[in-house]
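Work through the exercises below with the structure open. Each task is followed by a solution in steps.

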Amino acid sequence: MTDAFTFERRRRALHGWLLLSPALIMLTAFAFYPSLATMVTSLWSRGTRRNPAEFAGLENYRYLFDDPTFWQVAGNNLSYALVTIPISMALALIMALWANSKLPARGFIRTAYFTPTVLPMIAAANLWLFFYTPSFGILNQIGALFGAGPVNWLGEPETALWAICVVTIWKEAGFFMIFYLAALQTIPPDLKEAADIEGASRWTYTRRIVLPLLMPTTLFILVNAMINSVKLIDHLFILTKGGPSDSSKLILYYIWENAFAYFDRPSAAAMTVLVLALMGALAAFQFLVLDRRVHYR
Amino acid sequence: MSFLALESLTRQWNGQGGVCDISLELQQGAFLSILGPSGCGKSTMLRLIAGLEQPQAGRIRIDGRDVTALPAAQRNLSMVFQSYALFPHLSVAENVIFGLKVRRIARAERERRLSEVLAMTGLQGLERRKPSELSGGQRQRVALARAAVAERPLCLMDEPLSNLDAKLRHAVRRDIRTLARKLALTVVYVTHDQGEAMSLSDKVVLMREGRIEQVGTPAELYARPASTFAAQFIGDPPMSLIDAAALGHEGEWTVGLRPEAISLVPAGQGDLDARIDDFEYLGGETRLALRHPAADGLAAILPGPAKFEPGQTVGVVIPSENRLLFDSVTGSLKKEPQQNPKARIRQNPAPEDGHRAPTSTQTAKEDLSK
């Protein structure tokens, strides 16, 4: 009796592990192990053939905190996030509200908004390179019509980061709009009718009914936008390569530079760990604190 | 002076559906049901009155004021939706006073009205719950409370009971009637359930394919249906229709009569000989489904238990004073029965529960109306 029971229990356990294994293997190979290896690497010194790597403790982090470029890149990334996230989310919401209303060419408008997201990042960046080209780029030509002098948008330390921000907003807003649009379409139309009969204005309805019902989507988009803000790298390769004088360099680009241009893997690993920790903390804040205030249906 | 008046109202989509040339008047404080099968335009009519749809032709007057061009908010009415349309992120109390807040009514007044309607609808203690934490019946009450708290003289209800189970439906039906009387509301109530329409209303509008088939009190609709459609839509089981030739009438007529007017005698001694298809013993009465080649939905309701066998042939007596004559071509009522048509008709014809198990003759009708 006991044998049969044990056998059955083992069979079930095996069954469970089998179901679990695809996700477990993939996550271990591409997420858990790399994170752990990065953490370990960040604690060891940079090894060469003559001086093998030795345990350095927090030495790499101290070195990083003394690096002015790191602080500049972190500051750049912060400005970049603070500008692109709110603006692209607000634009996405406005576009979604508009694309959700009864318009003649609704399908066309929705597609048009979504196009930037469909374009490959490199192609999109090349497109914007033409816009930003000094003197004969579209932006400068339009500016010239109104008598403005030529501006080297990507070549000036004052404008390079903002030029990158504009490209990101252009790309992200359409993507986020799709989420907002999907959420708007789950709001039953009779809520609008009930609010109409009560005499609620369009603005009151949007503020008191639509926005609260969109909160889960907003939270989801916020998490995505934050992750994206430390993930941007491909535009930089095409547009500025982080220059001029690091003014448009973002954290992932700097990590890439450290790892593959300067071959300073421990520094890159230390930065990666810091980014991971920051993202983890933000995600925890969002899901533990903001989540309580969000109504899920 | 009527309180609500519709004048040749038309709203169609590409020339079909919707309502066409509807005219109607309603006194203040009356309970009006709009009854009809699905797709007959009854919801469109309600939405036109509410201002959620714009008519292509015709006018709407509420309390003497032409509201045809006014938006819903300015028509001074409240509405209960079929889906209840409760705001899912707001609590019961916030849902109820949403409109009062929008109209900037003072807090003290808001609180007073809130506690009043919560008491009236039996929702005390649930103020802080979200709609998702309520049962179907409670949600329905919140929707009613939201309509009642507005204190508007006209209340529109769009199939408010259709999402409730049969037992709750009965209870809420009574609540609606009580609420309407207490607040002296004029109610326009859309339903496809004749039981609800008959038991709630002072006046019933029966609709068919966007037009009004008949308007009248529930008793009028039951006793003198204006057409074979009305005859077969109202009553459970509905009126039996018999080809008049089989009963010896001259001309193109169809004879209609209520099942309770029929009595049975041994075969060969009645007006027709019919076969018993099925019978149901219901305690107070026995219902029989009968078959005759010239009759459609022939049924009989006999008082008390009856001793018959399915398949047995019986004689059917059809008293001439209960016969209603319909034109076989147009279906409209033509001739008065010779004597008082109510002579043998039951006092309260409306079935108490619209969703009682249907008899065999009713199944076909309900299928058609769905």
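**Exercise 1. Describe the interface between the two domains of chain B.**

Step 1. In this predicted model, domain 1 of chain B and domain 2 of chain B bury about 880 Å² between them, with 66% of that area on carbon and sulfur atoms. B:Pro37, B:Gln194 and B:Leu206 account for 48% of what domain 1 of chain B buries against domain 2 of chain B, more than any other three residues.

Step 2. Locate the two parts. Domain 1 of chain B covers 4–221, and domain 2 of chain B covers 227–334 + 364–369. Their C-alpha centres are 37 Å apart.

Step 3. Count the contacts. Domain 1 of chain B brings 13 residues and domain 2 of chain B brings 10 residues.

Step 4. Assign the domain 1 side to elements. Helix 6 (194–200), strand 9 (203–208) and strand 10 (211–216) of chain B each give two or more residues. Strand 9 of chain B has the largest share, three residues. By class, this side holds six nonpolar, five polar and two charged residues.

**Exercise 2. Is B:Asn163 buried, partly exposed or exposed, and which residues does it touch?**

Step 1. B:Asn163 sits in the loop between strand 7 (154–158) and helix 5 (166–182) of chain B.

Step 2. The relative accessibility of B:Asn163 is 46%, so this residue counts as partly exposed; the class runs between the cut-offs of 20% and 50%.

Step 3. Leaving out residues up to four places away in sequence, B:Asn163 touches B:Gln82, B:Ser83 and B:Tyr84. The B:Asn163 side chain comes to 3.1 Å from the backbone oxygen of B:Gln82.

**Exercise 3. Characterise the contact between chain A and chain B.**

Step 1. Take the size of the contact. Chain A contributes 17 residues and chain B contributes 24 residues. The buried area is about 1,800 Å², 68% of it from carbon and sulfur atoms. On the chain A side, A:Ile197, A:Glu198 and A:Arg208 lose the most area, together 40% of what that side buries.

Step 2. Look for charged pairs. Two salt bridges cross the interface. A:Glu198 pairs with B:Arg103 in a salt bridge, with the closest N and O atoms 3.4 Å apart.

Step 3. Assign the chain A side to elements. Helix 8 (189–197) and helix 9 (202–229) of chain A each supply two or more residues. Helix 8 of chain A gives the most, seven residues. By class, this side has eight nonpolar, three polar and six charged residues.

Notes
Residues are numbered from 1 along each chain as its sequence is written. Chains are lettered from A and ligands numbered from 1 in the order in which they are written. This is a predicted model: local features need pLDDT of at least 70, side-chain atom pairs count only at pLDDT 80 or more; totals for chains, interfaces and linings use all residues. Side-chain values use heavy atoms; hydrogens and water are left out. Domain bounds come from an automatic or database domain assignment. Contact means heavy atoms within 4.5 Å. Buried area is the accessible area (1.4 Å probe) that two parts lose on being put together, summed over both. Helices (H or I, at least four residues) and strands (E, at least two) are DSSP runs, numbered from the N terminus. Ala, Val, Leu, Ile, Met, Phe, Trp, Tyr, Cys and Pro count as nonpolar, Asp, Glu, Lys and Arg as charged, and the others, Gly among them, as polar. Buried means under 20% relative accessible area, exposed over 50%, partly exposed in between (1.4 Å probe, protein chains only). A polar contact is a pair of N or O atoms within 3.5 Å; within protein, one must be able to donate a hydrogen and the other to accept it, and residues adjacent in sequence count only if both atoms are side-chain atoms. A salt bridge is a side-chain nitrogen of Lys or Arg within 4 Å of a carboxyl oxygen of Asp or Glu.
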